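Welcome to this short tour. Please open your viewer, keep the selection tool at hand, and follow along one stop at a time.

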Amino acid sequence: MLDVPSSSFTRHIIKDERITMELWIVSLSHFLHISATIVWIGGIFMNLMVILPGSKTALESATLVRKLMKEVGQRFTPLANMSILILVVSGLILLYTNRNFTSFGDLLKSWNILIFCKFAVVTVMACIHFYRGSILSKKIIESAAQANEAHTAGLRKLSLDLVKINLLLGIAVLVFTAVLLSS
Ligand code: HEM
């Protein structure tokens, strides 16, 4: 007889510990998700809207602007890589602990469609980011080494256009997220 209340008490404690643990994991995931968003999207915004135009005004030649942007890019890329990894891991944790989510297969539910769209746009953004960093940047170096100026200028323009596209896609992801959070 004495066993009944004590085992139900133990079950309560275990349940409470599980809830506390889940609360910690979800809170940490939100914190990391928001921090990585600030670093990645905020970083692209800062580069395009502040550092690039500022350096064009302050520095005398296009060569110096390129040199500065190369240095900025080399420092920003590892931070962006880390942010993408954090966003994916924390995003998946937030997804599986979210009561609105059933499955990507259940596209009749508008919440699932929105998160699927967000996931698709994030995948395109990550592909653009890694294409610029690992393929396009090498092509630019090779083309510049061959003194093929017109081709190099074309590749540099493509690289900058891709950053602009990623900023727009990043803003689209934030719009999807705003709707997700409000529904
Ligand atoms: C695999 C990628 C991703 C997944 C699976 C994912 C998933 C999620 C989920 C489930 C939420 C919570 C929504 C809710 O509570 O209703 C969320 C929130 C959020 N996401 Fe993402 N996300 C991903 C990538 C991104 C990216 C790339 C960005 C930045 C552009 C981003 C920005 C945000 C923001 C700002 C929030 C609101 C803050 C928060 O709830 O922590 N997410 N995400």
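**First stop: an arginine pair**

Select Arg 66, which you will find in helix α2. Keep in mind as you look around that this is a predicted model. Is Arg 66 buried, exposed or partly exposed? Arg 66 counts as partly exposed, because it has 14 C-beta neighbours inside 10 Å. Arg 66 and Arg 156 are 90 residues apart along the chain, and their C-alpha atoms are separated by 9.8 Å.

**Second stop: α2 beside α3**

Stay with helix α2, residues 62-96, and colour α3, residues 110-145, as well. The two helices pack at an angle of about 160°, and their axes are 11 Å apart. Angles over 145 degrees count as roughly antiparallel, so α2 is described as roughly antiparallel to α3. The crossing of α2 past α3 is left-handed.

Keep α3 and bring in α4, residues 149-182. At what angle do α3 and α4 pack? The angle is about 165°, with 9 Å between their axes. By the cut-off of 145 degrees used above, α3 is therefore roughly antiparallel to α4. The crossing of α3 and α4 is left-handed. If you colour their contact by residue class, you will find 22 nonpolar, eight polar and four charged residues.

Next, select Ala 147, in the loop between α3 and α4. Its backbone deserves a look: Ala 147 has a positive phi of about 55°, although it is not a glycine. Ala 147 is exposed, because 8 other C-beta atoms lie within 10 Å and a count of 12 or fewer is classed as exposed.

Move on to the largest nonpolar core and select its six residues: Ala 36, Trp 40, Ile 41, Ile 44, Ala 80 and Leu 87. Which elements give two or more residues to this core? They are α1 and α2. Of these, α1 gives the most, with four residues.

**Last stop: around the ligand**

The ligand is surrounded by 20 residues, and the closest are His 30, His 33, Gly 91, Leu 94 and Val 173. Two or more residues of this shell come from each of α1 (3-58), α2, α3 and α4. How many residues of the shell are nonpolar, polar and charged? Colouring by class shows 13 nonpolar and seven polar residues, with no charged ones in the shell.

Technical notes:
Residues numbered from 1 in each chain as written. Predicted model: local features only at pLDDT ≥ 70, side-chain atom pairs only at ≥ 80, totals over all residues. Near = placed C-beta within 6 Å. Nonpolar A, V, L, I, M, F, W, Y, C, P; charged D, E, K, R; others polar. Buried ≥ 20, exposed ≤ 12 C-beta atoms within 10 Å, placed from the backbone. Core = buried A, V, L, I, M, F, W, Y, C linked by C-beta atoms within 7 Å. Axes fitted to C-alpha atoms, helices over the stretch in contact; angles between N-to-C directions. Parallel < 35°, antiparallel > 145°, perpendicular 65-115°, else oblique. Left-handed = near helix turned anticlockwise from the far one by under 90°.
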